[in-house]
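Here is a short tour to read with the model open beside you. Take the topics in any order you like.

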Amino acid sequence: MAGLLRRDMLGVALTVAAIMLPVVGAQAADPIKVGVTITQSPPGSVVQGTQVKDGLEVAAKIINDAGGVDGRKIELVIEDTQGLPEKARSAVEKLATRDKVVAITGEHQSSAALAGIEVAHRYKIPYINTNGWSDVIREKGYPEVFNPGNYNSRVGSAAAQTMKELGVKRVVSIAENTDYGIGLAKAIGEALKKVAPDVQYKYETLDRASKDFLPAILPMRANAPDAIINLMLPPAAYIMMNQLYEQGVAPSAKTWLYDGSGLADYPDFWQNVKEAGKGMLVFGLYHPKMAQPALGKQVGEAYTAKTKNEPNRLLFQAADSLFLIADAVKRAKSTDSEALIKALGETKYTGTRGEITFSKDKGYAFNQWLDVPYVTFQLTEVNQKVGDSALVSQAGQPLDPAKLWKPAK
Amino acid sequence: MSGIDVDLAVNGLITGLFYALMAIGLSLIFGILKIVNFAHGEFYMVGAYAYTLIALALGVPVWIALPLAFVVGALLGWLTERTLMRPLYAGYTSWGLMRDEYAVIVTFGLSLFLINLVDKVVGPYAYRGPPLVETSRVVLGPVLISGHRLLAAGIAIAVIAVTAALIKWSFWGQQIRAVSQNRLGASLAGIDTAKASVIVFMLSGGLAAFAGALLSPVINASPDVGIFPAIKSYIIVVLGGMGSVPGAIIASLFLGVIESFGAVYISFQYRDAFGLILLMLFLLFRPQGLFGEKGREV
C-alpha cells in the first residue's frame, strides 16, 4: 500500500513537473515590458511624442535584434497622455498595476512628468525621464526617477553664457505657461545674475494654446530688447516667431532671436516659419557635426532608414532611456524594482550621446546626467538643414559675435 | 491716443473681424436649431487644412484654394446636418419638441472625432498656409501690419457684409429668419424648415472654414487649432444675443479690442479671461445680450 502511494506521489510529481517545465521555459523567454508615456494626440506635442516613439522603437529593435536582454525581448507598452498631467498620472498607474511593466520611460513634457513621477514614486517603480526639463522633477529627490535628458539649469547657464558673449544689455524671454517654460525662464534669470549681472532681464509668459501674440509683441516693437529668447514649443512658437518677424522685432539688426526649445529639430519647422527663422541662434542638443559615440551613429542611421527623416535630439534621448533600462536589467540580473533602481544609480554606460552617469548631488542635479552635450548653432538660410547650419560653439567654447549673421538694417 | 494705442485698436478690430466670421455661423445655427454646435471650431480647423493642403500639396492658386475651403466647410456642414442633426428633429416642426439635448453630445463627439481624424490622417505637424500676398510688412502711420493680415481683414469685411445682406434681403435669408423666429409658425406658412436648417449648417460650416483658411498663414493649421476660436465664438454669441447676427458682429469687434488693450494694460496672462469676465457680467446684468430678446419658456 505504502509502495503504491509512493508510486502515485511520484507520478503526480512527474506530471506537475511536466506541466511546469514549459511554464518555467516560457518565463525565461517572457518579454521585458517597458511602459512608455508619450503624447499621441492633442493638446500636447504630438510631434515630440512621435519622435520619442520612433527613438524607443529603434532602440528596442537594436536590442531585440542582438538577442534581447539575456535572451528576453524588450516589449514597449505605450500609453497616450495627450501631454496632460491627469492623463499621465492615470497612464503610469495603469502601466504599474495592470501591465506590470518593469520600468517607465518616454515622457517628454515636464508637466506630465511631474504628475507621472508621483505615481512611480508611490509604486517604487524605475522612471526614466526622457525629456522633462523642469528642475523640479530632480528637486523632488525621488530615488526611482533618473534623468539622462536635458534640464532647465543647463539651458539656463548656456543661454546666459551666450547672452554674455553677444554683449547684450536687455533680454526678454518669451515662455509658455507651463512648468517647463516658466521654470526655464527663471533658470535663465538666475544664471544671468551670476554670469552677466548687468544685463536687464524679464520674461513674459504666454498661453501655449493661444493663436495671437500681437498684444504681447507690440510693446516690444516700440522698445525692442537686444535679444529675445524663445521658450515656447510648436505650434505656438511658430505663430509667435512669425508675428515677431512681421512686426520687425526679431531677428533684426537690433535684436537677436535665441531659441532655447530645440525648435530647429522639428520636421515642420521651416514650413511654418520661413523667413522668421533666418538668423535664429539655437541651443542644440544634437548637431550632425557633434562628436558622437558609435551607438549614436547606429541609432541615427536606423532612424533615417525607418523614417527617411534626419536624426533629432529626442530620438537619441529616447533611445538612451531604453538602453539604460536594458543595461540596468542586465547588470541587476533581475527585473525587480529595487534591484533595477540600485543598478540604475550605479550606471556608467556609453549611450548615443556620451558616457552617462547619474549625479547624487541634491537639487536639480539629483539623479541627473550633468554633462548632457550641447552646441549653439545659427540658421543662416531659409530651409537650411541643421547639418548645414553654422556651428557657432560647443559646450565650454566661447562664441564670437563678429562671425554671426545678422539682418541688415 | 499714442502710437501703440492706435496699433492696439487696429489689431483688436482686425482680430474682432476674424472672430465675427466664426461667430456668425454659430449664431445662425443657434437661431434656427436652438443648439450649440460644439464642433464649430473643427469646421474652422478643416478649412485651415483644406486651404493649406489644396494650395501646397495640389499647387492650386491661393485665390482658388480660398473659396474651395468654403466649399469644403459647406459640404461638411451639409453632411453633419443630414447624418447627425436631422435624426434629432426629423418629424418635429417645433424646436421645443426636438431632442436638442442630444445635439450637445453628438456635436461634442464630432469635434473629438474630427480632431483625431485629422491628427491620424494628415499628421500631428503644423502647416502654415500660403499667404495671399508675400508683402510681410505694410506701414500705415503708426500701424505696422502684415500684408496678408491687412488683405484678410478686407476680405473678412466683404464676406461679413455679403452674409448679412443675404440674410436680410434674400429669399432664403428671409426664410431662415422666419424659422429662427418661430419654427412652427414658419412651417405653417409653408416654409421648408428642414431645408432652412441645411442651408444654415452649410453657411455656418462654410464661414467657419473660410475663417480658418483666411487665417491659416497666421495661426498655422494644426489639429487643435479650432478649440480657442470656438470658445471665443460661444462667448460672442452670448454677448451679442443668442441668434443675432448684428449682435455677433458687434460683440466680436468689442471683444477683439478689449482683449488687445487688456493684454497690454492689464496682463497678457489674462487675455483670454477678459471674454469670460464679460460673459459673466452680461449673464448677471443683461442675460439676453446686446441684441437678444428677453424670453421665458415653460
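The crossing of H9(B) and H10(B) is right-handed, where right-handed means that the near helix is turned clockwise from the far one by less than a right angle, and left-handed that it is turned anticlockwise. Helices (H or I, at least four residues) and strands (E, at least two) are DSSP runs, numbered from the N terminus. This is a predicted model, in which local features need pLDDT of at least 70 and side-chain atom pairs count only at pLDDT 80 or more, while totals for chains, interfaces and linings use all residues. Residues are numbered from 1 along each chain as its sequence is written, and chains are lettered from A and ligands numbered from 1 in the order in which they are written.

**The H9(B) and H10(B) pair**

- H9(B) and H10(B) pack at an angle of about 120°, and their axes are 8 Å apart; axes are lines fitted to C-alpha atoms, for helices over the stretch in contact, and angles run from 0 to 180 degrees between N-to-C directions.
- The two helices, H9(B) and H10(B), are therefore oblique to each other; angles under 35 degrees count as roughly parallel, over 145 as roughly antiparallel, 65 to 115 as roughly perpendicular and the rest as oblique.
- On the H9(B) side, the residues that meet H10(B) include B:Ile235, B:Ile236 and B:Leu239, and on the H10(B) side they include B:Ile250, B:Ala251 and B:Leu255.
- Eight nonpolar, three polar and one charged residue make up this contact of H9(B) with H10(B); Ala, Val, Leu, Ile, Met, Phe, Trp, Tyr, Cys and Pro count as nonpolar, Asp, Glu, Lys and Arg as charged, and the others, Gly among them, as polar.

**Where the chains meet**

- In chain B, 32 residues are in contact with 32 residues of chain A, contact being C-beta atoms, placed from the backbone, within 7 Å.
- Helices H1 (3-33), H4 (100-121), H9 (227-240), H10 (245-265) and H11 (271-285) of chain B each supply at least two residues of the side that touches chain A.
- H1(B) gives the most to that side, with five residues.
- By class, the side of chain B that touches chain A has 16 nonpolar, nine polar and seven charged residues.

**Buried spots**

- B:Gly73 lies in helix H3 (residues 62-89) of chain B and is buried, with 29 other C-beta atoms within 10 Å; buried means 20 or more other C-beta atoms within 10 Å of a residue's own, exposed 12 or fewer, and partly exposed in between, with C-beta atoms placed from the backbone.
- Among the residues that B:Gly73 touches, leaving out those up to four places away in sequence, are B:Phe43, B:Val46 and B:Phe210.
- Helix H6 (residues 152-166) of chain A is mostly covered, with eleven of its 15 residues buried.
- Just after H6(A), A:Gly167 takes a positive phi of about 75°.

**Backbone geometry to check in chain A**

- Most residues other than glycine have a negative phi, and most peptide bonds are trans.
- A:Gln82 is not a glycine, yet has a positive phi of about 55°; A:Gln82 counts as buried, with 20 C-beta neighbours inside 10 Å.
- A:Lys333, also not a glycine, has a positive phi of about 50°, and A:Lys333 is exposed, with 11 other C-beta atoms within 10 Å.
- A cis peptide bond joins A:Pro234 and A:Pro235, with omega about 0°.
- The peptide bond from A:Ala250 to A:Pro251 is cis too, with omega near -10°.

Note on methods:
Contact = placed C-beta atoms within 7 Å. Expected span 1.5 Å × (residues − 1).
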